[in-house]
Amino acid sequence: MPETERSFDMGRLSDRLEVWFRGPGPKTVGSLIEIFGEKSFAVLFVLLLAVPALPLPTGGVTHVFELIAMLLALELIIGRRTVWLPERWQRREMGAAEQERFSRTLLKWIRWLERHSRPRLGFLLNHRLSGSVFGLLVLLLSLTAFLAPPFTGLDTVPSLGVVLLSLGVLLDDSLLALVGVVIGAAGLLLLLILGKAAYSGLESLF
(Lines give C-alpha, C1' and ligand atoms only; values in the text may rest on other atoms or scores of the structure.)
Protein backbone atom coordinates (compact mmCIF):
# COMPACT_ATOMS: atom_id res chain seq x y z
CA MET A 1 0.00 0.00 0.00
CA PRO A 2 1.34 3.52 -0.78
CA GLU A 3 2.91 5.36 2.14
CA THR A 4 0.33 8.14 1.93
CA GLU A 5 -2.44 5.63 2.63
CA ARG A 6 -0.50 3.78 5.31
CA SER A 7 -0.06 7.12 7.12
CA PHE A 8 -3.79 6.83 7.89
CA ASP A 9 -3.19 4.23 10.57
CA MET A 10 -6.35 2.70 11.92
CA GLY A 11 -4.73 2.98 15.34
CA ARG A 12 -5.48 6.68 15.09
CA LEU A 13 -9.03 6.42 13.80
CA SER A 14 -10.53 6.78 17.26
CA ASP A 15 -8.37 9.85 17.89
CA ARG A 16 -9.42 11.46 14.61
CA LEU A 17 -13.06 10.72 15.30
CA GLU A 18 -12.75 12.13 18.80
CA VAL A 19 -11.20 15.32 17.43
CA TRP A 20 -14.06 15.56 14.94
CA PHE A 21 -16.70 14.91 17.62
CA ARG A 22 -15.26 17.29 20.22
CA GLY A 23 -13.60 19.90 18.01
CA PRO A 24 -15.08 23.23 16.89
CA GLY A 25 -17.31 23.60 13.86
CA PRO A 26 -20.47 21.82 12.70
CA LYS A 27 -20.54 18.03 12.85
CA THR A 28 -21.80 17.28 9.35
CA VAL A 29 -21.28 14.43 6.90
CA GLY A 30 -19.53 16.90 4.60
CA SER A 31 -16.93 17.80 7.24
CA LEU A 32 -16.33 14.11 7.92
CA ILE A 33 -15.71 13.45 4.22
CA GLU A 34 -13.17 16.27 4.11
CA ILE A 35 -11.19 14.70 6.95
CA PHE A 36 -11.15 11.08 5.81
CA GLY A 37 -11.13 11.34 1.99
CA GLU A 38 -11.31 7.92 0.29
CA LYS A 39 -11.63 6.27 3.70
CA SER A 40 -14.94 8.11 4.15
CA PHE A 41 -16.94 5.20 2.73
CA ALA A 42 -15.84 2.80 5.46
CA VAL A 43 -15.98 5.47 8.19
CA LEU A 44 -19.52 6.44 7.18
CA PHE A 45 -20.63 2.80 7.16
CA VAL A 46 -19.33 2.49 10.73
CA LEU A 47 -21.18 5.61 11.89
CA LEU A 48 -24.42 4.94 9.99
CA LEU A 49 -24.82 1.27 10.92
CA ALA A 50 -23.60 1.75 14.49
CA VAL A 51 -27.01 3.29 15.22
CA PRO A 52 -28.95 0.01 14.83
CA ALA A 53 -25.94 -2.14 15.85
CA LEU A 54 -25.29 -0.56 19.25
CA PRO A 55 -27.68 -0.10 22.17
CA LEU A 56 -28.24 3.57 21.41
CA PRO A 57 -31.55 5.47 21.33
CA THR A 58 -32.35 5.87 17.65
CA GLY A 59 -35.33 8.21 17.48
CA GLY A 60 -36.62 6.21 14.50
CA VAL A 61 -33.81 7.24 12.13
CA THR A 62 -32.32 3.80 11.51
CA HIS A 63 -34.09 3.31 8.16
CA VAL A 64 -32.79 6.67 6.94
CA PHE A 65 -29.21 5.71 7.85
CA GLU A 66 -29.61 2.30 6.21
CA LEU A 67 -30.84 3.94 2.99
CA ILE A 68 -27.84 6.28 2.96
CA ALA A 69 -25.53 3.29 3.52
CA MET A 70 -27.13 1.49 0.57
CA LEU A 71 -26.60 4.53 -1.66
CA LEU A 72 -22.92 4.68 -0.67
CA ALA A 73 -22.59 0.93 -1.24
CA LEU A 74 -23.93 1.34 -4.78
CA GLU A 75 -21.30 4.01 -5.39
CA LEU A 76 -18.58 1.57 -4.35
CA ILE A 77 -20.02 -1.15 -6.58
CA ILE A 78 -19.82 1.07 -9.66
CA GLY A 79 -16.23 2.01 -8.80
CA ARG A 80 -16.44 5.49 -7.27
CA ARG A 81 -13.41 6.44 -5.18
CA THR A 82 -14.97 9.48 -3.52
CA VAL A 83 -18.24 9.86 -1.66
CA TRP A 84 -21.12 11.60 -3.38
CA LEU A 85 -24.17 12.69 -1.41
CA PRO A 86 -26.73 15.42 -2.06
CA GLU A 87 -25.63 18.77 -0.63
CA ARG A 88 -28.58 18.77 1.73
CA TRP A 89 -27.47 15.48 3.27
CA GLN A 90 -23.87 16.67 3.52
CA ARG A 91 -24.99 19.75 5.44
CA ARG A 92 -27.09 17.78 7.92
CA GLU A 93 -25.62 18.28 11.38
CA MET A 94 -25.47 15.74 14.17
CA GLY A 95 -27.16 16.92 17.33
CA ALA A 96 -25.27 17.45 20.58
CA ALA A 97 -26.98 14.50 22.29
CA GLU A 98 -26.12 12.19 19.37
CA GLN A 99 -22.52 13.38 19.40
CA GLU A 100 -22.20 12.60 23.09
CA ARG A 101 -23.70 9.12 22.74
CA PHE A 102 -21.51 8.28 19.75
CA SER A 103 -18.32 9.71 21.21
CA ARG A 104 -18.85 7.84 24.47
CA THR A 105 -20.12 4.44 23.26
CA LEU A 106 -18.78 4.04 19.73
CA LEU A 107 -15.28 5.36 20.41
CA LYS A 108 -14.91 3.07 23.40
CA TRP A 109 -15.81 0.11 21.17
CA ILE A 110 -13.45 1.17 18.37
CA ARG A 111 -10.55 1.62 20.80
CA TRP A 112 -11.10 -1.91 22.12
CA LEU A 113 -10.89 -3.28 18.57
CA GLU A 114 -7.80 -1.19 17.85
CA ARG A 115 -6.03 -2.85 20.78
CA HIS A 116 -6.92 -6.39 19.70
CA SER A 117 -6.64 -6.17 15.93
CA ARG A 118 -3.62 -6.08 13.64
CA PRO A 119 -3.05 -5.98 9.86
CA ARG A 120 -3.71 -9.47 8.46
CA LEU A 121 -3.79 -10.33 4.75
CA GLY A 122 -4.44 -6.69 3.94
CA PHE A 123 -3.67 -7.31 0.26
CA LEU A 124 -7.05 -9.04 0.00
CA LEU A 125 -8.74 -5.79 0.98
CA ASN A 126 -6.64 -3.64 -1.36
CA HIS A 127 -7.26 -5.55 -4.58
CA ARG A 128 -8.79 -3.49 -7.39
CA LEU A 129 -12.04 -5.46 -7.11
CA SER A 130 -12.22 -5.36 -3.32
CA GLY A 131 -14.08 -2.03 -3.28
CA SER A 132 -16.91 -3.44 -5.40
CA VAL A 133 -17.10 -6.60 -3.28
CA PHE A 134 -17.10 -4.48 -0.14
CA GLY A 135 -19.93 -2.39 -1.54
CA LEU A 136 -21.93 -5.46 -2.55
CA LEU A 137 -21.65 -6.97 0.94
CA VAL A 138 -22.62 -3.70 2.62
CA LEU A 139 -25.58 -3.31 0.27
CA LEU A 140 -26.85 -6.84 1.03
CA LEU A 141 -26.45 -6.51 4.80
CA SER A 142 -27.87 -2.97 4.94
CA LEU A 143 -30.89 -4.16 2.93
CA THR A 144 -31.31 -7.04 5.38
CA ALA A 145 -31.32 -4.60 8.30
CA PHE A 146 -33.74 -2.34 6.43
CA LEU A 147 -36.18 -5.20 5.81
CA ALA A 148 -36.11 -6.45 9.40
CA PRO A 149 -39.49 -5.96 11.14
CA PRO A 150 -39.46 -2.90 13.42
CA PHE A 151 -38.96 -3.30 17.17
CA THR A 152 -37.75 -6.91 16.77
CA GLY A 153 -34.03 -6.19 17.09
CA LEU A 154 -33.36 -8.27 13.96
CA ASP A 155 -31.60 -5.33 12.33
CA THR A 156 -28.89 -5.43 15.02
CA VAL A 157 -26.98 -8.49 13.73
CA PRO A 158 -26.59 -7.50 10.04
CA SER A 159 -25.80 -3.92 11.09
CA LEU A 160 -23.09 -5.18 13.43
CA GLY A 161 -21.75 -7.22 10.54
CA VAL A 162 -21.40 -4.05 8.42
CA VAL A 163 -19.65 -2.19 11.25
CA LEU A 164 -17.10 -4.98 11.81
CA LEU A 165 -16.56 -5.48 8.08
CA SER A 166 -15.91 -1.74 7.64
CA LEU A 167 -13.53 -1.62 10.60
CA GLY A 168 -11.72 -4.63 9.15
CA VAL A 169 -11.26 -2.71 5.89
CA LEU A 170 -9.97 0.35 7.77
CA LEU A 171 -7.62 -1.82 9.82
CA ASP A 172 -6.35 -3.88 6.85
CA ASP A 173 -7.50 -6.83 8.95
CA SER A 174 -9.06 -9.47 6.71
CA LEU A 175 -9.89 -11.68 9.69
CA LEU A 176 -11.97 -8.95 11.33
CA ALA A 177 -13.65 -8.27 7.99
CA LEU A 178 -14.45 -11.98 7.67
CA VAL A 179 -15.94 -12.00 11.18
CA GLY A 180 -18.16 -9.12 10.08
CA VAL A 181 -19.29 -11.05 6.99
CA VAL A 182 -20.07 -14.17 9.05
CA ILE A 183 -22.06 -12.19 11.63
CA GLY A 184 -23.93 -10.36 8.89
CA ALA A 185 -24.70 -13.65 7.12
CA ALA A 186 -26.03 -15.03 10.41
CA GLY A 187 -28.35 -12.03 10.65
CA LEU A 188 -29.57 -12.63 7.09
CA LEU A 189 -30.14 -16.32 7.80
CA LEU A 190 -32.01 -15.53 11.01
CA LEU A 191 -34.27 -13.09 9.19
CA LEU A 192 -35.00 -15.67 6.46
CA ILE A 193 -35.77 -18.42 8.99
CA LEU A 194 -38.09 -16.25 11.06
CA GLY A 195 -39.69 -14.84 7.93
CA LYS A 196 -40.39 -18.34 6.62
CA ALA A 197 -41.81 -19.36 10.00
CA ALA A 198 -44.09 -16.32 10.06
CA TYR A 199 -45.26 -17.02 6.50
CA SER A 200 -45.98 -20.67 7.37
CA GLY A 201 -47.92 -19.54 10.44
CA LEU A 202 -50.06 -17.21 8.34
CA GLU A 203 -50.66 -19.95 5.77
CA SER A 204 -51.96 -22.27 8.48
CA LEU A 205 -54.61 -19.73 9.42
CA PHE A 206 -56.19 -19.75 5.98
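Which residue forms a salt bridge with glutamate 18? The partner is arginine 111, with the closest N and O atoms 2.5 Å apart. A salt bridge here is a side-chain nitrogen of Lys or Arg within 4 Å of a carboxyl oxygen of Asp or Glu.

The model is predicted: local features need pLDDT of at least 70, side-chain atom pairs count only at pLDDT 80 or more, and totals for chains, interfaces and linings use all residues. Residues are numbered from 1 along each chain as its sequence is written, and side-chain values use heavy atoms, with hydrogens and water left out.

The protein has 10 helices and zero strands. Helices (H or I, at least four residues) and strands (E, at least two) are DSSP runs, numbered from the N terminus. The order of elements from the N terminus is α-α-α-α-α-α-α-α-α-α. Of the 206 residues, 44% count as buried. Buried means under 20% relative accessible area, exposed means over 50%, and partly exposed lies in between (1.4 Å probe, protein chains only). The protein exposes about 11,300 Å². Carbon and sulfur atoms supply 66% of that area. Accessible areas come from the Shrake-Rupley method with a 1.4 Å probe; for residues, only the protein chains shown count as cover. Among contacts (heavy atoms within 4.5 Å) between residues at least 6 apart in sequence, 73% join residues at least 24 apart.

The largest nonpolar core has 50 residues. Such a core is a set of buried Ala, Val, Leu, Ile, Met, Phe, Trp, Tyr and Cys residues joined through side-chain atoms within 4.5 Å. Leu17, Phe45, Leu72 and Leu167 have the most contacts inside this core. At least two core residues come from each of H2, H3, H4, H5, H7, H8, H9 and H10. H4 gives the most, with 12 residues. In soluble globular proteins, nonpolar side chains tend to be buried together. Leucine 17 is in contact with Leu32, Phe36, Val43, Leu107 and Ile110, leaving aside its neighbours within four places in sequence.

Helix H4 is mostly covered, with 14 of its 14 residues buried. From first C-alpha to last, H4 reaches 19 Å, close to the 20 Å expected at 1.5 Å a residue. The expected span is 1.5 Å times one less than the number of residues.

Two aromatic pairs were counted. Rings of Phe, Tyr and Trp (its six-membered ring) pair if their centres lie within 6.5 Å; planes under 30 degrees apart count as stacked, over 60 as edge-to-face and the rest as tilted. Phenylalanine 45 and phenylalanine 134 form an edge-to-face pair, 5.5 Å centre to centre with 90° between the planes. This pair links distant parts of the chain. Phenylalanine 45 is in helix H4 (residues 40-53) and phenylalanine 134 in helix H8 (residues 130-147), 89 residues apart. Both phenylalanine 45 and phenylalanine 134 are buried.

Five salt bridges were found in the whole structure. The pair of glutamate 18 and arginine 111 links helix H2 (residues 13-22) to helix H7 (residues 96-116), across 93 residues. Glutamate 18 counts as partly exposed because its relative accessibility is 26%. Arginine 111, at 25%, also counts as partly exposed. Salt bridges that share partners join Asp15, Glu18 and Arg111 into one network.

A further salt bridge joins arginine 81 and glutamate 38, whose closest N and O atoms are 2.8 Å apart. Arginine 81 lies in the loop between helix H5 (62-77) and helix H6 (87-90), and glutamate 38 in the loop between helix H3 (29-36) and H4, so the pair ties together parts 43 residues apart in sequence. Arginine 81 is exposed, at 53% relative accessibility. Glutamate 38 is partly exposed, at 44%.

The side chains of aspartate 173 and arginine 120 also meet in a salt bridge (2.7 Å, N to O). Aspartate 173 is in the loop between helix H9 (156-171) and helix H10 (174-204), and arginine 120 in the loop between H7 and H8, 53 residues apart. Aspartate 173 is buried, with a relative accessible area of 0%. Arginine 120 is partly exposed, at 22% relative accessibility.

Aspartate 172 is likewise found in the loop between H9 and H10. Most residues other than glycine have a negative phi. Aspartate 172 has a positive phi of about 55° although it is not a glycine. Aspartate 172 is buried, with a relative accessible area of 7%.
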